[in-house]
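Please consult the sequence and the model alongside the text.

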Amino acid sequence: MRAVLTWRDKAEHCINDIAFKPDGTQLILAAGSRLLVYDTSDGTLLQPLKGHKDTVYCVAYAKDGLWSPEQKSVSKHKSSSKIICCSWTNDGQYLALGMFNGIISIRNKNGEEKVKIERPGGSLSPIWSICWNPSREERNDILAVADWGQKVSFYQLSGKQIGKDRALNFDPCCISYFTKGEYILLGGSDKQVSLFTKDGVRLGTVGEQNSWVWTCQAKPDSNYVVVGCQDGTISFYQLIFSTVHGLYKDRYAYRDSMTDVIVQHLITEQKVRIKCKELVKKIAIYRNRLAIQLPEKILIYELYSEDLSDMHYRVKEKIIKKFECNLLVVCANHIILCQEKRLQCLSFSGVKEREWQMESLIRYIKVIGGPPGREGLLVGLKNGQILKIFVDNLFAIVLLKQATAVRCLDMSASRKKLAVVDENDTCLVYDIDTKELLFQEPNANSVAWNTQCEDMLCFSGGGYLNIKASTFPVHRQKLQGFVVGYNGSKIFCLHVFSISAVEVPQERKKRGETNNDLFLADVFSYQGKFHEAAKLYKRSGHENLALEMYTDLCMFEYAKDFLGSGDPKETKMLITKQADWARNIKEPKAAVEMYISAGEHVKAIEICGDHGWVDMLIDIARKLDKAEREPLLLCATYLKKLDSPGYAAETYLKMGDLKSLVQLHVETQRWDEAFALGEKHPEFKDDIYMPYAQWLAENDRFEEAQKAFHKAGRQREAVQVLEQLTNNAVAESRFNDAAYYYWMLSMQCLDIAQADPAQKDTMLGKFYHFQRLAELYHGYHAIHRHTEDPFSVHRPETLFNISRFLLHSLPKDTPSGISKVKILFTLAKQSKALGAYRLARHAYDKLRGLYIPARFQKSIELGTLTIRAKPFHDSEELVPLCYRCSTNNPLLNNLGNVCINCRQPFIFSASSYDVLHLVEFYLEEGITDEEAISLIDLEVLRPKRDDRQLEIANNSSQILRLVETKDSIGDEDPFTAKLSFEQGGSEFVPVVVSRLVLRSMSRRDVLIKRWPPPLRWQYFRSLLPDASITMCPSCFQMFHSEDYELLVLQHGCCPYCRRCKDDPGP
């Protein structure tokens, strides 16, 4: 980029502001109290405008000539500080105000403040200039802000900052956008105007001045800039942006936006952008190397692979050094710098290896290939000398010397011929060995040999492209720009800032082409005589080539006329090509309609999907036949991607693709629809419940996730979730939850045992283990709450019973989280309170052998001392009774929770933990559960008995028996007779009943735990029918009926298994 001064003038006063007329022909500036109008073409002062008595600070042209199209009067609004600058958004809806206190206020057109931006510098950084980016391509309105904290910043309309503050090192006085928002102009106390990228990267100086730059503006739709200074100087500059680029065969690298480099593959049309974030000064490309010169360094890039189509570059080396050069060339291991008459060869580490001094200025340099580290360079000088230099040789080889200066040159593929364009725009071709001039042609500005064909070259100039093949006459066709390369059948031409490839047919007569009509048709087509070419194609029997010619040239109407009412396939092909053309020229809707009419539904769907046209997609899907699966599937895929699951589901249903429909519901988390589909089609159960379980687990809904895993048949995952939940509950001292999870684990193991006979024994062992742990943690929850919480909701009797239950039930290895200290401490404390002094003393003695936490130490020591003052016996009211043999059992039972006499296991209430009046009995061999139920339900009536009470006393105890009269002899309850037990046996003898006994039982006196297979049902007989007992139908835990009803009312569910009262049993 360079700035050329067009004209300059000087006013008597400081230039405060400048404004261009919308058409750019005039500019008006404020100088003191005067307004001056200039002609922008030559700087002529057209007229001074007078009438202001005081200094004019701001001027502007009205675009429509109206003061305000909406308001008839001016509205005024107060601000918190002095307003220094302002700027309207492109749509005129919002006004940004820059204030002296460092605040930016964004207001709507009614003056209401919508956004307030407070800058870090505050009042020390007054906002001196602001400007909205005029670009229509930006997605958001962007505000550029320059403050006297010597920073430039960028903000969105919402107030959000874009990037970081850019330091300026001077006080900015003006900021404005250049061209269409691609660049920024900044001027101020540094006495110059600088050009920046729209992101705030400095590119260069527009013009240096003798005083502060107070204002600068860009001429509308041009590359001219006007600058106004404090000393009254007005300068008008033209900015010239040179093309910085490099070409090697089919790879073209060029500068974009001054700070980026784009590498384009001219064959595949792939592009890759390299962001340098600094001004790109020079570019060179050769084979797999790319060199980029920045202001303070040179970056060397290389391709990732040797693949000819690879477009991925990575940094190979960095030369951190500032270089001044006219031309830059890169080789395999070196870079070549051209500095007027001198060439320097540097390694990639920046070390100068050799240098060549020329007789005249170097005008052109090009790498012509060679082994790595030994490449050859073709050099053209201003004095007409042409040399060949090898990078590993100090001596230059003179190829020839001509009278005129060299402008462009190239060497043929075999290195035998040399083409030169001189300063007189003449193309000259020499034989390198004989130095003979073989050919010359005027009106040339650039030349290139074909890299694959020795005898073909092309040159451009005067608006034409000229192709020369061997000794044949020159073929000419219109072309704007410069020829920069010729590879095979493609000629690469540069026009302004873009490069294009021109396809050229090779010479075919040499290959034995005999069809003169076909050959002449090709010639006519490249000469632009398309109708004559079409006639010759038709005469030679190649109508398809005529159609291809017309369609390639987008002459679809001529193609239709040529085709007439021919083959429908050709018509379809023509419509498809027309649609392709419409797609390429950014007319997607027209392309969609053409593709549909040609039956190319897939292409139509791709366009609709890429543009997000949901309505058109569903219309296409509804019109397609359900047998056309590929386009329907593509429709559904795009609809799903465009967040239209309802339409996607409709498409899948039309196809009958239920699996994809299930996946859609799962991916969009539409679980209700998925479950409904799963009910109708059970084969998709796993596809629904497995992701549903994972989704629940990710959302911390672990219990629901466990049930979903279970439903999906993923028992291992279900057990893993439960085990993790259980471990977490124990670790967090949530023992009630731990009991619940262990119960669920036990039931999970029971399900596995039922489903998989191979794991039956293992799973049943785990079932009993987890059931036991659930009972322990359920009871321990009350102990933990009692010892940790200041207020306990449990009665002393309940805590006493729970402590005894746990003490008798704990295994050798105490389960994790359960503290023996807390159990014994609770037992001692409640035993003492209820009169079980002997048991309390035993508990305190046991505590002495355990590690006591400091917070219990004092209480236990005091209890140990005070218990010694109490009697050494327990209250008889607390002694548990065995309801089978009526034996009173000691409070401390070495056998555990069984009777010391008959060994009958005690049945405990799951709430109060006192012994229930239940005795478990077993069925005789051969009696099934169904038969037992039917026998019990018979309930045979027995005659009323005349019972008497007989009290018998002996030395050790008093026994109360029910004695029957003679009338009732033979009517004794058969079950009660079964309860007889001879004292002294060490083995447990279960109660086994026959059909006769079952028939005598009352249904209301029997409780049955109806376990699922492979477990047997358990039967219990109540010996006190008037005392009601309730069994939960889910977990089979026993409760006193009053306790159970109260707990269900409090919690809304079973306190053990959390089964809701309205849920059916298992």
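Q: What is the handedness of the crossing of helix 19 and helix 21?
A: In this predicted model, local features need pLDDT of at least 70, side-chain atom pairs count only at pLDDT 80 or more, and totals for chains, interfaces and linings use all residues. Residues are numbered from 1 along each chain as its sequence is written, and side-chain values use heavy atoms, leaving out hydrogens and water. A crossing is left-handed if the near helix is turned anticlockwise from the far one by less than a right angle, and right-handed if clockwise. The crossing of helix 19 with helix 21 is left-handed.

Q: Is helix 19 roughly parallel or oblique to helix 21?
A: The axes of helix 19 (residues 820-834) and helix 21 (residues 854-867) come within 11 Å and cross at roughly 40 degrees. Axes are lines fitted to C-alpha atoms, for helices over the stretch in contact, and angles run from 0 to 180 degrees between N-to-C directions. Angles under 35 degrees count as roughly parallel, over 145 as roughly antiparallel, 65 to 115 as roughly perpendicular and the rest as oblique. Helix 19 is therefore classed, relative to helix 21, as oblique.

Q: Which residues of helix 21 meet helix 19?
A: Contact means heavy atoms within 4.5 Å. From helix 19, Val821, Lys822, Phe825 and Lys832 take part. Their counterparts in helix 21 are Arg855, Phe856, Ser859, Ile860, Thr866 and Ile867.

Q: How is helix 9 oriented relative to helix 10?
A: Helix 9 (residues 629-641) packs against helix 10 (residues 645-655) at an angle of about 160 degrees, with their axes 8 Å apart. The orientation of helix 9 to helix 10 is therefore roughly antiparallel.

Q: Which residue in strand 42 is the bridge partner of Val447?
A: Strand 41 pairs with strand 42 (residues 456-461) in the antiparallel sense over four bridges. The bridge partner of Val447 in strand 42 is Phe459.

Definitions and conventions:
Pairing = 2+ DSSP bridges. Helix = DSSP H or I, 4+ residues; strand = E, 2+ residues; numbered from the N terminus.
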